[in-house]
Each structure stands twice: as C-alpha cells, then as structure tokens.
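I opened the model and kept notes as I went. The entries follow in the order in which I looked things up.

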Amino acid sequence: GLEAELIAHGMAPQGVQLAHNVISGAFKYALRMERAWRNPAKSVTPPRIVRKEVSPPDIGGVKRILALAEKEGHPLFPCLHLIAYTGIRRGEALGLRHRDLNLEVGTISIVQTLGRSLLKGLIVEPTKTNAGRRSIDLDDGTVDILRAHIGRQMLQKMELGGPYEDKGLVFCGPLGSPFNTMMVTRTFQSFAKREGIEGAKVHDLRHFHASVMLQNGQSMALVAKRLGHASIATTGDIYAHLMPGWGKEAANAFAKAMEEG
C-alpha cells in the first residue's frame, strides 16, 4: 500500500503515520458528506514508531561551545545561550520579538515561531498548540546577556539608519531581517566541531536543558511546561530513561510511609 511505498522511499515512520492520519481524516469527512462508503485507511496499520533514546551533550561540552561563541563575539551567541538555558526550540528563539521580553521581571513569552516553507521561504506562525504558548522564567545571567545583546542591536540600528528594517525581532540579521533557520544550525555545528563534538544539532540544546533540569531534581511537570509539551506523558517518554533512580526512590519512599503509618 501507500505506507509501504513511503517507507521504501525513505520516509520516517513518524511521517508515514502523519500521512496515514491525514488520509484517514479525509475519508472520514467524505463519509460524513456521503461521498464515500468506507474508509480504506482503517484497514491499514501504520508502522510502529520506535522512539530513540536521546543522548544530550554533557555540561562541559555545551559550556565550551557557548564560551567559544561568546569569545568570538558571534551575533548568534545570545540566541544559542538562550536556547541552552531555556530549552526553547530554534524557531521559537528566532520568532522572539522585543515585545515578548519582560527583562524587568525576567521572563520571555513564546507566542510565535519562525519556520521555513519550500514555497514561501521564511514564515512566522503562531505556536501550533496552546501548551506551546507559554511564559518562561530566565536566570539573572541570561537576562544580562539579553540586555547586552539588545543594547548592541539598538546601537547598530542607529548607525545604519535608513537601510535597517526593524521587524521587532530579538535575533535578526545585520539589517533587521529574520535569520535563516539553517544559519543557526550551521553556526552551532561549526562551534561544536571545533570543540571536537561531531554530529551536534541545535535541538540537542533543548534535550540538554531538559536533562540537566531533571537530573537536578526538577519535576517532570515543570520541565514539560517549560518545554511547551502538550502532555507530561510526552516528556516522560523522551526523558524518563535519564532518571534511572526514580523508581527505587519511589519504592523506598512508599515503604518508609508504610512503616511510619
């Protein structure tokens, strides 16, 4: 069937399942409109999705990458730092506007994301889910880095004058236009490679942030909210393997409660 053909052409199981859901939904609508008499998608079982365990980079590696980017004064250093220290997605960082910052309080609001379309190029869209629309607390060091970045940006805008096209973005090109999403990826990979870290991806910083928070005692619910996951189950599926001692701690806590009860 179509699923087997898509797999044969190299599509990942997640993509095949999405295609299956879209086709099935179309036939459900056709049934309601009495344009079809059955839903053939129901007779097809999409491939099972096997989630790979994430392997986040270690703290030392991330610190070296960020230190190198800061030392060289790379314009994307503040962006990479923010992703590492908040766990936001690449597109969420690039879609961040000045109006979404509250540095007095120390928070950012995630309301939109910058993506890339084959037909339209760079596009800004609202977050896909209500959970994705969220407020995230910042540490004091990250607030200082953002303040310094905005100061440099304002100075650059004043020096350029007319040619600068202000779109209100926190992270943008020299003339105010949005950064190409792939530029962020290539920049991170370049710094990682120079530090001897092969195969690095910007999304690794998101996994890194979640893993460090969990391994330092933060709750799964807090991490899920910070990452913008629609369900805590999603967070658990991705990161539970990073907390091998949780089950033992829970068993001991229960046994202690029974003894003292």
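I listed what His229 touches, leaving aside neighbours within four places in sequence, and found Arg89, Ala131, Arg206, Ala224, Thr234, Thr235, Ile238 and Tyr239; contact here means heavy atoms within 4.5 Å. This is a predicted model, in which local features need pLDDT of at least 70 and side-chain atom pairs count only at pLDDT 80 or more, while totals for chains, interfaces and linings use all residues. Residues are numbered from 1 along each chain as its sequence is written, and side-chain values use heavy atoms, with hydrogens and water left out.

I placed His229 in the loop between α9 (220-227) and α10 (232-239). Helices are DSSP runs of H or I with at least four residues, numbered from the N terminus. Is His229 buried or exposed? His229 counts as buried because its relative accessibility is 12%; buried means under 20% relative accessible area, exposed over 50%, and partly exposed in between, with a 1.4 Å probe and protein chains only. I also noted a polar contact of 2.7 Å between the side chains of His229 and Thr235. A polar contact is a pair of N or O atoms within 3.5 Å; within protein, one must be able to donate a hydrogen and the other to accept it, and residues adjacent in sequence count only if both atoms are side-chain atoms.

I found α9 and α10 packed at an angle of about 105 degrees, with their axes 9 Å apart. That makes α9 roughly perpendicular to α10, a label for angles of 65 to 115 degrees. Met220, Ala221, Val223, Ala224 and Leu227 of α9 make the contact with Ile232, Thr235, Gly236 and Tyr239 of α10.

I checked its length: the 13 residues (59-71) should span 18 Å at 1.5 Å a residue, and the end C-alpha atoms are 18 Å apart, which agrees. The expected span is 1.5 Å times one less than the number of residues. I then listed the buried residues of α3 as Gly61, Val62, Ile65, Leu66, Leu68 and Ala69. They fall within an arc of 160 degrees seen down the axis, so they line one face of α3; the arc is that of the directions from the helix axis to the C-beta atoms. The buried residues of α3 pack against α4 (77-86), α7 (181-194) and α8 (203-215). Lys63 and Lys71 are exposed on the other side of α3.

Methods: Helix = DSSP H or I, 4+ residues; strand = E, 2+ residues; numbered from the N terminus. Axes fitted to C-alpha atoms, helices over the stretch in contact; angles between N-to-C directions. Parallel < 35°, antiparallel > 145°, perpendicular 65-115°, else oblique.
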